[in-house]
Amino acid sequence: MTQNISVPDIGDFDSVEIIEVLVKIGDQINKDDPIVTLESDKSSVEVPSPIAGKITELSVKVGDKVSKGSLLVKLESGSHDDEKGKLIKKDDFTTEKETVEEKNSKKIKNIKKIFAQPSSDDIDSLETQEWIESLNAVIENDGPARASYLLNRVVSEAYTAGLVLPDTRTTSYINTIPTELEVKSPGDQNIEKKIRAYVRWNAAAMVVRANKISSDLGGHIGTFASAATLYDVGMNHFWRAKNKDFGGDLIYFQGHSAPGMYARAFLEGRLSEKQLNRFRQEVDAGGLSSYPHPWLMPKFWQFPTVSMGLGPIMAIYQARFLKYLINRGLLKDEGRKIWVFLGDGETDEPESLGAISLAAREKLDNLIFVVNCNLQRLDGPVRGNGKIIQELEGSFRGAGWNVLKVIWGSYWDPLLKADKTGLLMKRMNEVVDGEYQAMKAKGGAYVREKFFGKYPELKELVSSMTDNDIWRLNRGGHDPHKVYAAYHAAMQHQGSPTVVIAKTVKGYGMGKSGESLNTTHQQKKLDEQDLLYYRDRFNVPLTDKQVRNIEYYKPAEDSEEIKYLKERRKQLGGFIPERSSFSKPIKAPPKDIFESFMKSTGDKEMSTTMALVRMLTNLLRDQNVAPRLVPIIPDEARTFGMEGFFRKIGIYAHEGQKYEPEDSEQLSSYKETKNGQVLEEGITEAGAMSSWIAAATAYTNHDIEMIPVYIFYSMFGFQRIGDFAWAAGDAQARGFLIGATAGRTTLAGEGLQHQDGHSHILASMIPNCVAYDPTFSYEMAVIFREGLRRMHEKNENVFYYITAMNENYSHPEKPEGADEGILKGMYLFKEYRNKGKIKIQLMGSGTILREAIAAAKILSEEYGVDSDIWSVTSFNELRKEGMEVERRNLLNPNNKKEKSYIQKCLEKRDGPVIAVTDYVRSFSDQIRPYTDKPFYSLGTDGFGRSDTRKNLRKFFEVDKEHIVAYTLSALAQEQLIGSDRAEKALKKYNIDKKKAFPTKL
Ligand SMILES: Cc1ncc(C[n+]2csc(CCOP(=O)(O)OP(=O)(O)O)c2C)c(N)n1
Ligand SMILES: [Mg+2]
């Protein structure tokens, strides 16, 4: 049966050009194969075939203009099972049914709601008892699920009856898991206790030793001391390493608990005593990093976490990316988990909690947070007047997480059991963190007096206990049984992420030198007495002399402790942390994918953003590259003309699409699918960047090379997420960051907060970030292809920052042999050889290169000044090379001086350099030291403002008129022309000499 395939609804566009015809007569095509590519003045989009079949007639050619309904091809289809051009089939939609509750609520909707006051006074204890007994009976007879159902119904009834319920975000200040339901650890507690003691000791000894060498070195003892059990239980029982059979759990260690990880690796035989002695001495090879830095210890650390807040959000997006890879069929679902350790103080960071609702929404049950609530941060208590654990419980529960509080250790169990009236729980609820902290600093007698002493019944409860017994009443985070039970429950939990909120003591075991003191965080030196106390506190088998020498303790290889520790890790698949990569490189796409960008566009105008989007569309036809591309967009696809990607490759949505999108009939319909490829992040640069980092490090964390391309307003890039970009460099990310709508004057209209004139400077600070500011589509193509080759085929640990613009103009053909210069950072774009005796070296980048080209024409034709025009694709790369060459020359004074690439380009050319960009002057000034020519830079220093491009360029003095006038002035200063010629030009172009420098306006 012959079918006509015509242009579907393409939104607002009418009469758009066909730029590619992707089929020919006789082709057998599948449903969704692209037939043609259409291009408007803003975006390009492929038109897919709604059905499969054989092309029998082609009704269009390249250059034709088409609109909705224009016939494209005729197709002979084998079946009648077509969708009549419909893009998305309507699923069954659930019809809303009125629930009983809704009916009831209608009945009583006039009842005024009254807030129920939480009351601690029981006015009818008999009635209370009856309710509790009923509940217990249901739990016993029908199980907890039924009890939970009934409670929910009761709550719902109460609500509909007009009772606004008291705040139920938090539960009582006790452990979430009741003692009877705790799963017991299968481990040998005696041996584990010893191992933990040695790890604690060695971690502290390592820090103290380093500070004997120099107190410059610093380090932390108190943090790991509070978290040792939380890590130990994970290491002995839960965290599965990467090996040939399993992808490995991913653990984000709290940055400044690093000493504990080194101490354990020492017992495991992975680090030597010599290495421990080199803690925080990294300048010569073989030292240990202060914190987790994959750049410095690439075989050990996986995740840079020490800039607080980055770890938690990066981990959330890591967990989501893992599901993305699974849902896209790129990775097996092996039940891998992402564990994240963070401090309670760290939760102050907006990034720490900023994405927890996403984690719940995406049902990330592969994610487990462990918040170490030692109640302190650096200066003092985290919430002295409140309770951080309760606050966090509320936030996480409210966001939809499974919350497991681990507050009290086993020594409290009998007391809680004996607390028939609930008075102990009441006391636990009423004490604030500032007091809890003070209690752990001041000893058992103080706790008896201040905690139990408030109520005579409680004092009585502990009357048979000594002060020491009271002191030993432990906190949950120090009790391996409680921690094990919580971790076990976290591993079993499905449908939402879990947070384990553990209460601990900062500087646990440090005694007077730093247990629960406000100064604990800073404690890095322990004197002899402190060390002897610490040894005794944890029974470390070292003599006094060994303690004085601050020796490490490591039992013999055949000791039960070492054998146990190694056996546990063997059972769990290997050591953690460990960083490795077994990913296969991706073959760079053939040249022809980029070929069309090397030709002139003729009269046709487009922006470099459009060129890039077309490039990505082409890349989606390359079988090696296509599946690995991860387009990441924070709610700006339409701004960048990328809406065509929605339908073509789908937007990732873990639940697919439960609705028919409003625009389902359109070509660029908003299509969400479970295996969607686009990460449409919504308005979160931090989140989008975290996704990018997850994809850009998939080669090591998941052994699969991915190609993330994150496109954003360049102003909301490095400026907003600079710390993430730095962490990406540390993590050796590979991928593309595209700063779109770039340039202070190129993004017209939007104004001060939007116009970027400095992102390249920010990018230049990251050592492994390779940045380019191309002007023409062929430059973009050469750069992008090389990026793919370097990063994803050759696996160089660099990442690319490329700016793209939204200004439409025509693009020339690539000059012969320009490739090398494009990549190195500059090439000769054009020589103006009129008759002028005077010459200048005119440099430009981005769209402002075009102003320079226009200025060159005027200078040549009207002023007899000839020019060499250099397209500088990367001032940043030129500077790097210049610095290196200069350094080599300084190191080798006897040798013949080596020339920098810039020098080589300019050595046979005359005249001063005039460099002009859409960025602050320091951007082009970067190369000033590497040429001995007089150097003048023009740029866009100052705050942007909204106006037209023309006016903005005039304001920032980077338009062709200013370039001409300033060039003549520069030539006058160099005494190459008379100053009156410059004066004349300034007058001619009405340049206001009285106008203040733009930074002051
Ligand atoms: C972004 C950032 N700001 C500040 C710091 C400095 N800093 C290091 S540890 C610390 C206190 C940490 O408190 P908490 O998160 O409670 O961790 P704890 O040591 O108590 O486990 C601070 C402020 C940092 N590392 N990162
Ligand atoms: Mg803390």
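## Ligand 1

How do the residues of the shell around ligand 1 divide into nonpolar, polar and charged? Three are nonpolar, nine polar and five charged. In this scheme Ala, Val, Leu, Ile, Met, Phe, Trp, Tyr, Cys and Pro count as nonpolar, Asp, Glu, Lys and Arg as charged, and the others, Gly among them, as polar. The shell holds 17 residues, and the closest are Thr223, His256, Asp344, Gly345 and Lys506. A residue is near the ligand if one of its heavy atoms lies within 4 Å of it.

Polar atoms of the protein approach ligand 1 from side chain and backbone. A polar side-chain atom of Thr223 lies 2.6 Å from a ligand oxygen. A backbone N or O atom of Val306 is 3.0 Å from a ligand nitrogen. For Met308, a backbone N or O atom is 3.1 Å from a nitrogen of ligand 1. Taken alone, ligand 1 exposes 590 Å², and the protein buries 75% of that. These areas come from the Shrake-Rupley method with a 1.4 Å probe; for residues, only the protein chains shown count as cover.

## Basis of the model

This is a predicted model: local features need pLDDT of at least 70, side-chain atom pairs count only at pLDDT 80 or more, and totals for chains, interfaces and linings use all residues. Residues are numbered from 1 along each chain as its sequence is written, chains are lettered from A and ligands numbered from 1 in the order in which they are written, and side-chain values use heavy atoms, with hydrogens and water left out.

## Magnesium site

Ligand 2 is a magnesium ion, coordinated by Asp344 (OD), Asn374 (OD1) and Gln376 (O) at 2.0 to 2.1 Å. Donors are N, O and S atoms within 2.8 Å of the metal (3.2 Å for Na, K and Ca); water is not among the atoms, so sites may look incomplete. Along the chain the donors follow the spacing D-x29-N-x1-Q. Asp344 lies in the loop between strand E12 (338–343) and helix H9 (350–354), and Asn374 in the loop between strand E13 (367–373) and helix H11 (388–399), so the pair ties together parts that are 30 residues apart in sequence. Helices (H or I, at least four residues) and strands (E, at least two) are DSSP runs, numbered from the N terminus.

Asp344 is buried at 1% relative accessible area. Asn374 is also buried, at 5%. Buried means under 20% relative accessible area, exposed over 50%, partly exposed in between (1.4 Å probe, protein chains only).

## Helix H6

Ten of the ten residues of H6 (258–267) are buried, so the helix is largely enclosed by the rest of the structure. Its buried residues pack against helices H4 (189–213), H5 (222–238), H7 (273–276) and H21 (560–571). Contact here means heavy atoms within 4.5 Å. Just after H6, Gly269 takes a positive phi of about 85°.

Thr305 sits in the loop between H7 and helix H8 (310–327). Thr305 is buried at 5% relative accessibility. Its side chain reaches the backbone nitrogen of Gly255 at 3.4 Å.

Ser691 belongs to helix H25 (685–696) and is buried at 1% relative accessibility. A polar contact of 2.6 Å joins its side chain to that of Glu681. A polar contact is a pair of N or O atoms within 3.5 Å; within protein, one must be able to donate a hydrogen and the other to accept it, and residues adjacent in sequence count only if both atoms are side-chain atoms.
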